[in-house]
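I opened this model to look up two things.

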Amino acid sequence: MTEIVEPLLARGYVDEKTLLGCSDQEVESLMAAQGVATLPARYVEFLKFGGKNPYWLSQDGEWDYGWLLEAKEIAREIVVDDYEGDFAPFEGAFVFQTHQGYMFSYFTEDDLAEDDPTYSIFCGYQPIADSRKSFTTWIRDLAEALPGIVELRKSMYGVWKVPDLGPDSEPV
């Protein structure tokens with residue numbers, strides 16, 4: 001993760017104080033909360049590097065530590081309550097991001113032991129989508145997009161402050 005984030009730090013797009021990583025115990029708590037025995041190595045690396053509150057990288061979706069403790073239950077509500085679907089195919093999965101109560105991104109049960117798997121996306125009545133990119137590629141894509149997002153916000157609001165309050169924070 002350092003090689004992805006270092007250029008953003010050097011150019012002032014990310015404030016080092018916002019890089020909060022999860023402890024080993026917190027990673028274990030996430031696994032227990034979602035009922036999985038392992039997680040992809042690169043995802044664990046991300047969690048420990050700056051994934052406890054990852055809104056420094058992207059405010060799209062909900063994916064901070066506190067949210068992830070409940071993410072699988074939220075995904076269950078999305079599938080079962082909102083779309084009257086069967087949650088059985090997702091029981092062994094790990095949900096690493098939800099988005100506005102209608103979609104979520106996850107690693108399938110088969111992907112959990114891989115170092116850097118692709119991930120899948122549930123989005124309402126649409127067929128399950130395979131991202132066709134690895135988790136690390138997705139993080140790299142977010143990092144590459146961040147300078148453009150920062151510059152856009154600067155042009156709209158006059159200043160940019162690296163967000164650290166999560167998806168509900170006010171733009172500054």
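**Entry 1: packing of helix 4.** I am working from a predicted model. I started with the partners of helix 4. Its buried residues pack against helix 2 (24–34) and helix 3 (41–50). They also pack against strand 1 (94–99), strand 2 (103–107) and strand 3 (118–123). Which residues of helix 4 are buried? I noted Y65, L68, A71, K72, I74, A75, I78 and V79. A lysine, K72, is on that list.

**Entry 2: shape of helix 4.** I checked its length next. I then looked for a bend. Helix 4 has a kink of about 50 degrees, centred on A71. A71 is also one of the buried residues of this helix.

**Entry 3: ends of helix 4.** I looked at the start. There, a side-chain oxygen of D64 comes to within 3.2 Å of the backbone nitrogen of G66. After the helix comes E84. The phi of E84 is positive, near 50 degrees.

**Entry 4: salt bridges.** How many salt bridges does the whole structure hold? My search gave 9. I took three of them in turn.

**Entry 5: R42 and E3.** Their side chains form a salt bridge, 3.6 Å from N to O. R42 belongs to helix 3 and E3 to helix 1 (residues 2–10), so the pair ties together parts 39 residues apart in sequence. Is R42 buried or exposed? R42 is buried, at 19% relative accessible area; the cut-off for buried is under 20%. E3 is partly exposed, at 46%.

**Entry 6: K133 and D141.** This salt bridge has an N to O distance of 2.6 Å. I checked the exposure of both partners. K133 is partly exposed at 27% relative accessible area. D141 is partly exposed too, at 30%.

**Entry 7: K154 and E151.** The closest N and O atoms of this salt bridge are 3.8 Å apart. Where do the two residues lie? Both are in helix 5 (residues 135–157), 3 residues apart, about one turn of the helix. Residues three or four places apart on an α-helix point the same way, because there are 3.6 residues a turn. K154 is partly exposed, with 37% relative accessible area. E151 is partly exposed as well, with 36%.

**Entry 8: shared partners.** I ended with networks. Salt bridges with shared partners join E3, R42 and E45 into one network.

Key. Residues are numbered from 1 along each chain as its sequence is written. This is a predicted model: local features need pLDDT of at least 70, side-chain atom pairs count only at pLDDT 80 or more; totals for chains, interfaces and linings use all residues. Side-chain values use heavy atoms; hydrogens and water are left out. The bend at a residue is the angle between axes fitted to the seven residues ending there and the seven starting there. Helices (H or I, at least four residues) and strands (E, at least two) are DSSP runs, numbered from the N terminus. Buried means under 20% relative accessible area, exposed over 50%, partly exposed in between (1.4 Å probe, protein chains only). Contact means heavy atoms within 4.5 Å. A polar contact is a pair of N or O atoms within 3.5 Å; within protein, one must be able to donate a hydrogen and the other to accept it, and residues adjacent in sequence count only if both atoms are side-chain atoms. A salt bridge is a side-chain nitrogen of Lys or Arg within 4 Å of a carboxyl oxygen of Asp or Glu.
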